[in-house]
Amino acid sequence: MLDEVARALAACYGWLSVLFAITALIYWLGVSGFSLVSHVSLPGPKPWPYVGNLLDVAKYGGLHKAFIEYGKKYGKVYKMYMGRSPMITVADPEILKHILVRDFDKFRNRPDFMRSNPPLDIGMFSARDDTWRRIRSVLTPTFSLLKLKEIVPIIENASGLLLSKLERSAKNERSIDVSTAFGQFSLDVIMRAAFGLEAEIQTNPDPELVQKVLTVFDVPVYIRAMSMLPFYRHLTKLFDINLTQHVPYFVNLAKSMLEIRKNSSGGRRDLVQLMLEARDENAAEDGCRKLTDDEVIAQSVVFLLAGSETTGVTLALTGYLLAHHPQIQDKLLNEIDDAVRSRSGDDFNLRVCTES
């Protein structure tokens with residue numbers, strides 16, 4: 001009888017040991033990443049395993065609001081945790097100047113959980129180290145003062161189309177979805193300025209293109225939840241999961257636009273032209289290209305999406321805030337009128353583009 005009890009207890013202890021080991025392993029996987037900043041003597045909220053401070057993000061009503069609340073509580077520099085990934089949040093202008101300008105060579109790589117799958121993994125936002133440096137050196141001339149001056153008439157023309165659309169809605173006393181209007185405007189400018197294509201985005205838009213551009217960064221909840229798992233990067237590669245939505249559609253669109261430009265004669269020396277020249281030009285004696293075909297496609301998708309979506313959202317939010325604060329709207333309008341009167345139109349528009 002005692003032997004049977006002893007065997008049963010031994011088996012029970014064995015299973016309890018296994019269960020304890022599994023529980024400890026699961027817990028360790030959920031907090032192991034936090035050790036990266038555990039030695040950093042900065043204030044910050046306490047993290048939970050796996051979710052980090054994401055519960056606070058939900059409580060405050062968004063990441064930007066969490067940043068504001070944490071800033072009030074912990075100061076301009078503090079540590080927090082996005083899921084399993086620790087991060088140091090900086091809101092001090094002098095430190096930011098070091099990070100973004102003086103010592104940028106040490107901070108150019110983005111967090112691993114934000115990396116995309118091929119072909120976007122070699123885009124400007126996901127490329128790393130020397131690959132990023134090489135691609136950036138090719139694209140930098142696109143943002144020279146001369147190139148920005150060439151873009152000003154394109155922006156003015158697109159602004160005229162947007163203004164006509166808004167005036168028609170006001171005249172007919174009809175409401176308008178500014179998110180769509182500003183999204184089409186920014187996409188119109190990008191298509192013409194970067195790709196040299198007249199796509200009639202504002203006057204005769206392709207509904208599928210507009211819908212996909214406006215939802216490209218709408219990350220499903222299940223992907224956000226998966227990003228907290230220790231094997232998230234393996235899952236994204238296995239099932240080809242991207243934080244950016246509709247990737248195959250935009251890759252095919254970029255290929256079509258590049259094919260049109262390759263078959264066209266002449267044209268401006270815009271972003272696409274610089275990339276095509278870099279693709280065809282040998283960078284070294286061994287015949288290595290400055291940009292590969294996949295890199296050209298990746299940069300095209302990045303500029304098309306990041307340039308249009310971010311600008312469109314910023315304009316929509318600005319319009320929303322101005323509509324809710326008419327006194328600020330009047331003040332802004334007066335300042336713009338004074339600035340235009342005191343300077344020539346072309347000079348003023350160019351300064352807006354180069355100093356913004």
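Helices (H or I, at least four residues) are DSSP runs, numbered from the N terminus. The model shown is predicted, so local features need pLDDT of at least 70 and side-chain atom pairs count only at pLDDT 80 or more, while totals for chains, interfaces and linings use all residues. Residues are numbered from 1 along each chain as its sequence is written, and side-chain values use heavy atoms, with hydrogens and water left out.

View A. Asp 129 is placed in helix 5 (residues 129-139). Its phi is near 50°, a positive value in a residue other than glycine. Most residues other than glycine have a negative phi. Asp 129 is partly exposed at 38% relative accessibility; buried means under 20% relative accessible area, exposed over 50%, and partly exposed in between (1.4 Å probe, protein chains only).

**View B. Phe 125 in the loop between helix 4 and helix 5.** Helix 4 spans 93-102, and Phe 125 lies in the loop between it and helix 5. Phe 125 and Arg 110 are 15 residues apart in sequence, and their C-alpha atoms are 7.1 Å apart in space. With 44% relative accessibility, Phe 125 counts as partly exposed.

**View C. A nonpolar patch on the surface.** Trp 15, Val 18, Ile 22 and Ile 26 form this patch, with about 440 Å² of accessible area together. Like charges are joined within 9 Å, and nonpolar side chains (Val, Leu, Ile, Met, Phe, Trp, Tyr) within 5 Å. Accessible areas come from the Shrake-Rupley method with a 1.4 Å probe; for residues, only the protein chains shown count as cover. Val 18 is found in helix 1 (residues 2-31) and is partly exposed, its relative accessible area being 41%.

**View D. Gln 202 in the loop between helix 7 and helix 8.** Gln 202 is buried, at 6% relative accessibility. From Gln 202 to Leu 161 the C-alpha to C-alpha distance is 7.1 Å, although the two are 41 residues apart in sequence.

**View E. His 246 in the loop between helix 10 and helix 11.** The loop that holds His 246 lies between helix 10 (232-239) and helix 11. Phi of His 246 is near 60°, a positive value in a residue other than glycine. His 246 is partly exposed, with 26% relative accessible area.

Note on methods:
Patches are made of residues with over 30% relative accessible area and no salt bridge: like charges are joined within 9 Å, nonpolar side chains (Val, Leu, Ile, Met, Phe, Trp, Tyr) within 5 Å. A salt bridge is a side-chain nitrogen of Lys or Arg within 4 Å of a carboxyl oxygen of Asp or Glu. Helices (H or I, at least four residues) and strands (E, at least two) are DSSP runs, numbered from the N terminus.
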